[in-house]
Amino acid sequence: TAQSQYFRTSVWPDSEESCPLPQDIHNNAGIFTAPASTDGVEWIGAVVDGQNDRVKDFHKGLFVLTKDEYNGLGILSSCMYELSGGQFLAMRLDLGKNYQQGMWIELASQWSKSADGALPTMLECNSKEAAGCAFYLE
């Protein structure tokens, strides 16, 4: 109805998220998790034979734009970390039953076109600061 469209609001009013800090990521038998800022959402990743590894360092965040032009709309592909055993861990945001929520980044932020240039819609962020690779859920 017109009335319901008029009052339509986001489930999450632009909730800010960011790649978790290495010290916030916990390893449980090779399944890595970290809390997210948004209720009902968590970070998750897995590594084969990684049950004794710890997260050593943040490597980069990858964000894929949904259109070729830079409008900030897209989806976070992953946050990449180096583990103590030398492997890399890809952490993804588990949205639970809210998996259809959109994501966006600010145009003037730490995100820039990926250095490998394979995909013009791939952005990366290398900031190791808390909330350095921020993006938003809506």
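The legends below accompany close-up views of a predicted model.

**View 1. The tilted aromatic pair of F63 and W111.** Among the four aromatic pairs that the structure holds, the one formed by F63 and W111 is tilted, with 5.7 Å from centre to centre and 55 degrees between the planes. Because F63 lies in strand β5 (residues 55-65), whereas W111 lies in the loop between β8 (103-104) and β9 (112-113), this pair ties together parts of the chain that are 48 residues apart in sequence. Both partners count as buried, F63 at 0% relative accessibility and W111 at 4%.

**View 2. The stacked aromatic pair of W104 and Y136.** The ring centres of W104 and Y136 are 4.5 Å apart and their planes stand at 20 degrees, so this pair is stacked; the cut-off for that class is an angle under 30 degrees. The pair links distant parts of the chain, since W104 belongs to strand β8 and Y136 to strand β11 (residues 134-137), and the two are 32 residues apart. Y136 has 14% relative accessibility and therefore counts as buried, the limit for that class being under 20%.

**View 3. Strand β7 and its antiparallel partners β4 and β6.** Strand β7 (residues 88-94) runs antiparallel to strand β4 (residues 42-46), to which three bridges join it, and on this side L93 of β7 stands opposite W43. Strand β6 (residues 73-83) also runs antiparallel to β7, and here four bridges join the two strands; M91 in β7 is the bridge partner of C79. The hairpin of β6 and β7 has four residues between the strands, and in this hairpin G86 takes a positive phi near 95 degrees.

View 4. For the protein chain the mean pLDDT is 84, and 83% of the residues reach 70 or more. Among the elements of the chain, strand β3 (residues 31-35) has the highest mean pLDDT, at 97, whereas helix α1 (residues 2-6) has the lowest, at 37. Over residues 1-12 the pLDDT stays under 50, and for this stretch the model has 10 contacts beyond four places in sequence. Where pLDDT is low, predicted coordinates should not be read in detail.

Key
Residues numbered from 1 in each chain as written. Predicted model: local features only at pLDDT ≥ 70, side-chain atom pairs only at ≥ 80, totals over all residues. Heavy atoms only, no water. Phe/Tyr/Trp six-rings, centres within 6.5 Å; stacked < 30°, edge-to-face > 60°. Buried < 20%, exposed > 50% of the residue type's maximum accessible area, 1.4 Å probe, protein only. Pairing = 2+ DSSP bridges. pLDDT = per-residue confidence, 0-100. Contact = heavy atoms within 4.5 Å.
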